[in-house]
Amino acid sequence: MTQQMQNLHLSQSKKHSAPSSPNAAKRLYRNLSEKLKGSHSSFDEAYFRTRTDRLSLRKTSVNFQGNEAVFEAVEQQDIDAVQLLLDQYTPEELDLNTPNSEGLTPLDIAIMTNNVPIARILLRTGARESPHFVSLESRAMHLNTLVQEAQERVSELSAQVENEGFSLDNTEKEKQLKAWEWRYRLYRRMKTGFEHARAPEVPTNICLAVTSSTSLTVSFQEPLSVNAAVVTRYKVEWSISKDFCPLAGEIIMENLQTLRCTITGLTTGQQYFVQVSAYNMKGWGPAQTTTPACASPSNWKDYDDREPRHKGQSEVLEGLLQQVRALHQHYSCRESSKLQTTGRKQSVSRSLKHLFHSSNKFVKTLKRGLYIAVIFYYKDNMLVTNEDQIPIVEIDDSHTSSITQDFLWFTKLSCMWEDIRWLRQSVPISMSSSTVLQTRQKMLAATAQLQNLLGTHNLGRVYYEPIKDRHGNILIVTIREVEMLYSFFNGKWMQISKLQSQRKSLSTPEEPTALDILLITIQDILSYHKRSHQRLSPGLYLGYLKLCSSVDQIKVLVTQKLPNILCHVKIRENNNISKEEWEWIQKLSGSESMESVDHTSDCPMQLFFYELQMAVKALLKQINIPLQQARNFRLYTQEVLEMGHNVSFLLLLPASDDVCTAPGQNNPYTPHSGFLNLPLQMFELVHFCSYREKFISLYCRLSAVVELDSLNTQQSLREAISDSEVAAAKQRHQQVLDFIQQIDEVWREMRWIMDALQYARYKQPLSGLYIPKLINPSDEQNLKKISSTSSHIDCLPSPSPSPEMHRRKAVSDSQPCSDEEGCSEVFLPTDSDYDSSDALSPRDLDLVYLSSHDIAQQTLSGLSGSAPDVLQVEANFPHLECALHLVTHF
């Protein structure tokens, strides 16, 4: 016996009362269990009578009580009670890994009694074995000691009970005897379990994946447990030598929530061999090498030493924002000295005027005008005014027929609600301002009014299109989900169904107003808002790039379930494409047929090839295109789209003439229900808000400010009279144009969809990996066998598939996205609110303001280079080429 175990044994022998009275722990466990199950026992009444008592008890004795209760639940093999305790308290509160007076932890008892379900629950929670068991011998000797002590205690108590006869003291000893007899059986069972157990077998289904230029990831499953104890840890070893001598490193995995280990800090391009072994109370089992046996850390960009697309753009925008703010401060200081007296009079008069006017300026009925409606919701409740109306304020009562340019500018304010006051101060008030500048001023004023009335800056996200009616009303809708039912100024909470029923009794269904349409479709708007915030789970996906165009507008095909990303299916959990895999794609795209590329079972690319095949078939089924008709479909081979948050995309492109569907053009293969055509600018906004939050926030703030500055400087140029005024206005305007150019350059670097669109329109014969090189078009049987149960086709995050080859077949199971429970899927038709009168102008297609002259110059310069004329005008699609020209520099 080791010295440590001897000291523990001596400390236990001095106090027989601790193990000799398990009834106390049993009663405590029973009472705690009853409490967690909702019982109203005397234990609850005594110790949980008031909130102060509960807090005091939790602070002073919850560790001891919880620890004793967990031990009792494990010893009684009550899996429900164990789960309840772990749900109610943290491992620290339960003192889960501190050995008791017998030198055991709850995990030790579960393992040695071979209670696999409880042991796994404890392991997932972070339970550990007792640190006293430093060797097999120490564990065996300690179990022998526990059995021997329990046996001796049973003999002593039995003798005392027989000698003393019937008495009150003897009755208590009989209870102790029964408790020790039970504990003796428990220790015997633990000893027998330990003696019959053996070391674990090798882990199964060990897969090695390349996850970056400097890391490899190993995933595996538990060993086959035949007379083997529960595995409590794993060891991952790696080496540059096949015989693992010497080792380059090892990782001991004690957190078994996921059987996955990432090895970081490796050398790019170096070949590494990896093996995994398992450990239980009988020691380490044999090691098993991975499949494949070795791999080299790499990334697809290593193939041609390409720089990443997302590199430093946010830092550039931060620098530009600081310069813009400094310039604003400089000019505001110059103007403030001139207007100090006037400003003082205006502020005083406004303050006096405010005293005699009501602060409640919400609109009750809509007249012909432009309005902002705010939707704050929590579960089934919605914020309304004291008159039971949706909070609405008027922007303008004489708006133009097309507000698309102003709407796009307003959407950028959702990233800078806290700067509205600063923006208003930077806009000079002038009756001679342009119509556009006046509209922007009114938008800022209406936004500030809403913020003041509601008592909050954050008005949420802007809905992707304004709501219009035949009366000439236009509603711009902002949506925000709150964490709880806060109290807002001038507002109260009401159930959405009640608000809808009240409005229904007052509305005229023959000529519904924009407010009626808003209330009718409120569930669809809320559903869109929730889903536009959701992100895909990490992994590699295959997306489908499909657009439809009008004369000057482009829309993107997305799913209603996840409108911030393209239609897609999941290829695999690993989002990284290695250099070897990307080289294989490039080689296959340049070959004349499939036969020229190795697809044998020994080829490392076989699994990737199979995954890609299944994903293509599943995606074609989702978008309702027969495999026979997909001969001209191809993979985008210019880059892997690294969206962010460990989500990567390969793109499936239609034939070059079918990338954008023209108005009136027949499309015989329409997608199933559940899809949405989202305006390109709004798609990019919600996409970047989900995957590149910092970048889009900086971009929108800069773009909104600089575009407003451009309108201001143009106004100053028109109003300038003297030579000095003209020179100063020109200098200021040129500074703004320089900012616009720099922002636009950063924006173009991030716009992956425009690069893919130009590539998709390229009609040269070797532009992409064509589908016939991946799948035999005549093979329709595989497509028909795709089941409707795959989680990969679901546009929401799905459980991870097993890494082994034979379970990869689940990727082929597919169906169109099904509706979520309790969520309406009837969206307003996208085209219903964007009629021909609202067609986008050249500026409308850009979130950064550009004059028509600038757009024309940039378009011509972009087409005058030596690159292939991707956007050449064709007689068959003049409208499409016009739209593409307009959005090239969006």
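## A strand covered on both faces

Both faces of strand S18 are covered, since Ile-554, Val-556 and Val-558 on one side and Lys-555, Leu-557 and Thr-559 on the other are all buried, where buried means under 20% relative accessible area, exposed means over 50% and partly exposed lies in between, with a 1.4 Å probe and protein chains only. In a regular strand the side chains alternate between the two faces of the sheet. S18 spans residues 554-559, and because 6 of its 6 residues are buried, it is largely enclosed by the rest of the structure.

The model described here is predicted, so local features need pLDDT of at least 70 and side-chain atom pairs count only at pLDDT 80 or more, while totals for chains, interfaces and linings use all residues. Residues are numbered from 1 along each chain as its sequence is written, and side-chain values use heavy atoms, with hydrogens and water left out.

## The sheet around S18

S18 belongs to an open sheet of 4 strands in the order S23-S17-S18-S24, with mixed pairing. The edge strands are S23 (660-661) and S24, each of which pairs on one side only. Two strands pair if DSSP finds at least two bridges between them, and the strands (E, at least two residues) and helices (H or I, at least four) are themselves DSSP runs, numbered from the N terminus.

With strand S17 (residues 547-549), S18 pairs in the antiparallel sense over 3 bridges, and Cys-548 stands opposite Lys-555 in S18. With strand S24 (residues 675-679), S18 again pairs in the antiparallel sense, over 5 bridges; here Val-558 stands opposite Leu-676, and the bridge partner of Thr-559 is Phe-675.

## Two helices that cross

Two packed helices are described by the angle between their axes and the distance between the axes. The axes of helix H22 (residues 680-691) and helix H25 (residues 752-760) come within 11 Å and cross at roughly 130°. That makes H22 oblique to H25, given that angles under 35 degrees count as roughly parallel, over 145 as roughly antiparallel, 65 to 115 as roughly perpendicular and the rest as oblique. The axes are lines fitted to C-alpha atoms, for helices over the stretch in contact, and the angles run from 0 to 180 degrees between N-to-C directions.

Leu-680, Phe-683, Glu-684, His-687 and Phe-688 in H22 meet Trp-752, Ile-753 and Met-754 in H25, with contact meaning heavy atoms within 4.5 Å.

Helix H20 (residues 579-590) has 12 residues and reaches 17 Å from its first C-alpha to its last, close to the 16 Å expected at 1.5 Å a residue, where the expected span is 1.5 Å times one less than the number of residues. Its buried residues include Trp-582, Trp-584 and Leu-588, and what covers the buried residues of H20 includes strand S19 (567-572) and helix H21 (606-622).

Helix H23 (residues 693-719) has 27 residues and reaches 39 Å between its first and last C-alpha, close to the 39 Å expected. Because 19 of the 27 residues of H23 are buried, this helix is largely enclosed by the rest of the structure.

## A loop residue and the whole chain

Thr-513 lies in the loop between helix H17 (496-506) and helix H18 (514-520), and at 17% relative accessibility it counts as buried. Leaving aside residues up to four places away in sequence, Thr-513 touches Asp-469, His-471 and Arg-503.

The chain has 28 helices and 25 strands, and buried residues make up 52% of its 890 residues.
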